[in-house]
Amino acid sequence: MKKIILLLMFGVALVISNSCETEEINRSNSNPEITDKAHYYNDSEYFLVANRGSSTVSIFNAKTTDFINEITLPDEGAQPTYLAHSRRNKMVYVGDFSNRKVVYYDDSSFEFKGEIEIEEGAFHMWINNYANQLWVNNIVSKTTSVIDLNTNTVLKNISLPTEEIPELTENAVQHDVVISPSGFAAYVTILDGSDKSYVVMYNTQTLEYIKHEVVGGDAHLLPVGRRLYVPAQNDNTITVLSRFNLNSQKEIPFASAHGITNSRRHVFVTGIADNKVGVLDRYRNKVISEIDTEYNIPHNLAVNRRGNILFLSHSGGTATKVVFYKVKRNGTLSKLSEYDSGINPFGVLRY
């Protein structure tokens with residue numbers, strides 16, 4: 001009888017242990033940029049690009065690269081910069097740099113649904129469906145707007161953390177922003193001069209500062225599982241941090257590292273000043289291939305659900321090109337097609 005009881009207790013403990021492990025794995029893979037469960041079995045999958053100089057957003061089929069539709073923002077002189085998708089609300093959100101607002105659209109019909117007033121200079125943004133928040137950096141006002149997606153209203157405009165980081169200068173400004181896969185923490189890069197950036201970690205529930213880490217100049221962000229990838233253009237490196245405590249894990253050299261995205265297998269990064277795209281094996285944190293781009297200023301990129309098509313915007317005042325690449329299993333890239341999407345293709349999105 002004692003043996004039976006011990007075996008039963010062992011089995012229960014094993015189930016609990018496996019359940020906790022499964023929960024952690026699922027939470028780690030819950031980033032909508034990595035796994036989009038609501039659309040996983042849907043035939044529709046999209047690439048979007050914000051054409052900052054045309055006041056439009058171009059929409060492409062992420063499986064075939066075919067052009068589908070174009071959205072024109074409602075305000076005259078609108079400058080769409082970055083985009084985000086809410087799986088829960090089934091909405092696409094677009095930051096309008098010049099009109100102090102985020103506008104949003106139905107994610108399948110692309111019908112205009114509403115707008116949210118924020119502060120000036122809407123730039124990088126990120127949605128997390130667990131926190132059900134949208135974070136937007138306003139680089140003119142030097143604030144970060146935290147939007148509650150239950151009500152589509154601003155919870156708070158977070159100013160620069162000058163008390164927590166007293167060495168910040170008058171040049172400091174919020175730039176990139178992401179949220180952890182679990183929705184617990186948000187991370188904001190603050191650029192301060194050409195050679196220094198700060199990665200600042202916030203609690204998404206209290207909106208309070210947690211800690212920060214210093215990295216190279218012009219830094220961007222990407223959370224992948226337990227890691228935070230931080231390409232710093234002016235430092236020619238990609239710093240890999242723990243997203244739990246911001247401890248540095250590795251430095252990966254890559255010239256003018258800037259835009260960054262990932263599939264389950266690879267991390268993709270642009271060399272914005274060197275006209276390159278690099279591919280990292282994210283299990284070894286090693287660059288395994290790179291290509292030269294045909295056009296200048298390879299800026300932002302996205303990869304489709306299968307991880308076999310990469311979408312790249314080329315930015316600049318008169319630029320118009322977006323380019324699609326085939327991603328082979330060994331991580332090499334080959335060009336599939338290109339498209340003139342509008343003037344100054346800027347932020348990109350896949351869902």
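Entry 1. I looked up Glu 338 and found that it forms a salt bridge with Lys 335 (a side-chain nitrogen of Lys or Arg within 4 Å of a carboxyl oxygen of Asp or Glu), the closest N and O atoms being 2.4 Å apart. I note that this is a predicted model, in which local features need pLDDT of at least 70, side-chain atom pairs count only at pLDDT 80 or more, and totals for chains, interfaces and linings use all residues. Residues are numbered from 1 along each chain as its sequence is written, and side-chain values use heavy atoms, with hydrogens and water left out.

Entry 2. I then checked accessibility, where buried means under 20% relative accessible area, exposed over 50% and partly exposed in between (1.4 Å probe, protein chains only). Glu 338 is partly exposed at 29%, and Lys 335 is partly exposed at 33%.

Entry 3. Glu 294 sits in the loop between strand E23 (286-292) and strand E24 (298-303), while Lys 335 is in strand E27 (residues 333-340), 41 residues apart. Strands (E, at least two residues) are DSSP runs, numbered from the N terminus. Glu 294 is exposed, at 54%.

Entry 4. I recorded a network of salt bridges that links Glu 294, Lys 321, Lys 335, Glu 338 and Asp 340.

Entry 5. I turned to Glu 115 and Lys 101, whose side chains form a salt bridge at 3.1 Å, N to O. Glu 115 belongs to strand E7 (residues 112-117) and Lys 101 to strand E6 (residues 101-106), so the pair ties together parts 14 residues apart in sequence. Lys 101 is buried at 10%, whereas Glu 115 is partly exposed at 41%.

Entry 6. I counted 13 salt bridges by this rule.

How values were computed. Helices (H or I, at least four residues) and strands (E, at least two) are DSSP runs, numbered from the N terminus.
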